[in-house]
Amino acid sequence: MPESTILIVDDDRTIVRLCQRLLERASYRVITATDPYDGLRVLSQLRVDLLLTDIRMPMMDGFELISQAKHYQPDVPVLVMTGYGSIETALQALPRGVEGLILKPFASSAELVQAVQRILEESHRRRVALHAVDHMFAEGATAHGIVTQCAAADGLAGQLPPQHA
């Protein structure tokens, strides 16, 4: 989703510059920070569409950054990059609202751009769906009615239990 704003936070200036160059080439607006506290200042002042952060940083680890970032922007999608990929890292990331994990060094320049694009598209679909549900409730729809409409769209309407008053 070009025109999206991505905040990159990593203490390694070389990685920051590489990510910035790849994402700007793909038409994303990029803001960078090599200090997690600077990244939090950005999040407190500017809406971003994606937070791309390293896990291991000396001043504050990426998980703490994500936790604090969610105070400023609770629904900001997060893509974590790490040079220390493991099952443990992935398991730690999931409950913290991380949508993706990418290993450094990147297998190819396209790998980062594709991961960012996938997460932004998923985030956009979620926002559209939530907006539609909010609109349906505002129009007086019931939860059962919304589920029935969604099931009908998927061809599952006959498999739903009847609504109980």
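Me: Among contacts between residues at least 6 apart in sequence, how many join residues at least 24 apart?
Reply: In this predicted model, 61% of such contacts join residues at least 24 apart. A contact means heavy atoms within 4.5 Å.

Me: What should I know about the numbering and the model?
Reply: Residues are numbered from 1 along each chain as its sequence is written, and side-chain values use heavy atoms, with hydrogens and water left out. Local features need pLDDT of at least 70, side-chain atom pairs count only at pLDDT 80 or more, and totals for chains, interfaces and linings use all residues.

Me: Which elements does the protein have, and in what order?
Reply: The protein has six helices and five strands. From the N terminus on, they run β-α-β-α-β-α-β-α-β-α-α. Helices (H or I, at least four residues) and strands (E, at least two) are DSSP runs, numbered from the N terminus.

Me: Where does Asp61 lie?
Reply: Asp61 is in the loop between β3 (50-54) and α3 (62-72).

Me: Why does Asp61 count as partly exposed?
Reply: Asp61 counts as partly exposed because its relative accessibility is 36%. Buried means under 20% relative accessible area, exposed over 50%, and partly exposed in between (1.4 Å probe, protein chains only).

Me: Which backbone nitrogens lie by polar atoms of the Asp61 side chain?
Reply: The backbone nitrogen of Phe63 lies 3.0 Å from a polar atom of that side chain, and for the backbone nitrogen of Glu64 the distance is 2.7 Å.

Me: How is Asp10 placed relative to Asp61?
Reply: Asp10 and Asp61 are 51 residues apart along the chain, and their C-alpha atoms are separated by 9.8 Å.

Definitions and conventions. A polar contact is a pair of N or O atoms within 3.5 Å; within protein, one must be able to donate a hydrogen and the other to accept it, and residues adjacent in sequence count only if both atoms are side-chain atoms.
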